[in-house]
Amino acid sequence: MASHHVFVYGTLMAEEVVRVLIGRAPASSPAVLINHQRFSIKERVYPAILPVDGKDVSGKVFKGITDRELNVLDIFEDEEYVRRTVEITLTDTSEKLLAYAYIWGNQDDPDLHGEWNFEEWKRVHLEDYVTMTQEFMDELEQIESKTEA
């Protein structure tokens, strides 16, 4: 079975959200994505990242993500994000790894601004976001059970 590394830098850093999506908290390590910047998006509670020279995005890398779990993350991230392979650096060991990251698709989006703050997001939005994520999974499971029937 395939196993993937996925670099997360926004709402997926919250274990509560990931548990709802894939049913577990995968092994993870703190990591940095060099030459990228994290932005807030106007009127949305989740962030975007884009390539920006000289900027770094801190986050974490999930290890051992299965094909099925990756598929769930792809659907969750929606078509506004593009899954790309990036080189990340593990914060604790300085080891470099290739991982998937979800990069914002619109490089010139006028709604991107400022810096997104994870701790503030957790304080203000986590509870509602977990509820929204559970609703997303309920819908996805209904769709999957219809296509399997």
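A: A salt bridge here is a side-chain nitrogen of Lys or Arg within 4 Å of a carboxyl oxygen of Asp or Glu. Please keep in mind that this is a predicted model.

Q: How many salt bridges does a search of the whole structure find?

A: The search finds six salt bridges. Among them is the pair of Glu69 and Arg24, whose closest N and O atoms are 2.6 Å apart. This pair links distant parts of the chain, 45 residues apart: Glu69 is in helix H2, and Arg24 is in the loop between helix H1 (15-22) and E2.

Q: Is Glu69 buried or exposed?

A: Glu69 counts as buried, because its relative accessibility is 6% and the limit for that class is under 20%.

Q: And what about Arg24?

A: Arg24 counts as partly exposed, at 28% relative accessibility.

Q: Which residue does Glu80 form a salt bridge with?

A: The partner of Glu80 is Arg44, and their closest N and O atoms are 2.7 Å apart.

Q: What about Arg83?

A: Arg83 forms a salt bridge with Asp74, with 3.1 Å between the closest N and O atoms. Arg83 is partly exposed, at 33% relative accessible area, and Asp74 is partly exposed as well, at 28%.

Q: Why is Glu139 classed as exposed?

A: Glu139 is exposed because its relative accessible area is 51%, and the exposed class is over 50%.

Q: Now the backbone. What is phi of Glu43?

A: Phi of Glu43 is near 65°, a positive value in a residue other than glycine. Glu43 sits in the loop between strand E2 (28-41) and strand E3 (48-65). Glu43 is exposed, with a relative accessible area of 84%.

Q: And what is phi of Asp78?

A: Asp78, although not a glycine, has a positive phi of about 70°. Its place is the loop between helix H2 (67-77) and strand E4 (81-90). Asp78 is partly exposed, with a relative accessible area of 37%.

Q: Moving to the strands, where is Thr89 found?

A: Thr89 is found in strand E4 and counts as buried, at 15% relative accessibility.

Q: Which residues is Thr89 in contact with, leaving aside its neighbours within four places in sequence?

A: With those neighbours left aside, Thr89 is in contact with Pro30, Ala31, Val32, Ile34, Ser94, Glu95 and Lys96.

Q: How far apart are Leu112 and Ala48, in sequence and in space?

A: They are 64 residues apart in sequence, and their C-alpha atoms are 7.7 Å apart in space. Ala48 is one of the residues in contact with Leu112 once neighbours within four places in sequence are left aside; the others are Phe39, Ser40, Ile41, Leu50, Trp104 and Asn106.

How values were computed. Residues numbered from 1 in each chain as written. Predicted model: local features only at pLDDT ≥ 70, side-chain atom pairs only at ≥ 80, totals over all residues. Heavy atoms only, no water. Buried < 20%, exposed > 50% of the residue type's maximum accessible area, 1.4 Å probe, protein only. Helix = DSSP H or I, 4+ residues; strand = E, 2+ residues; numbered from the N terminus. Contact = heavy atoms within 4.5 Å.
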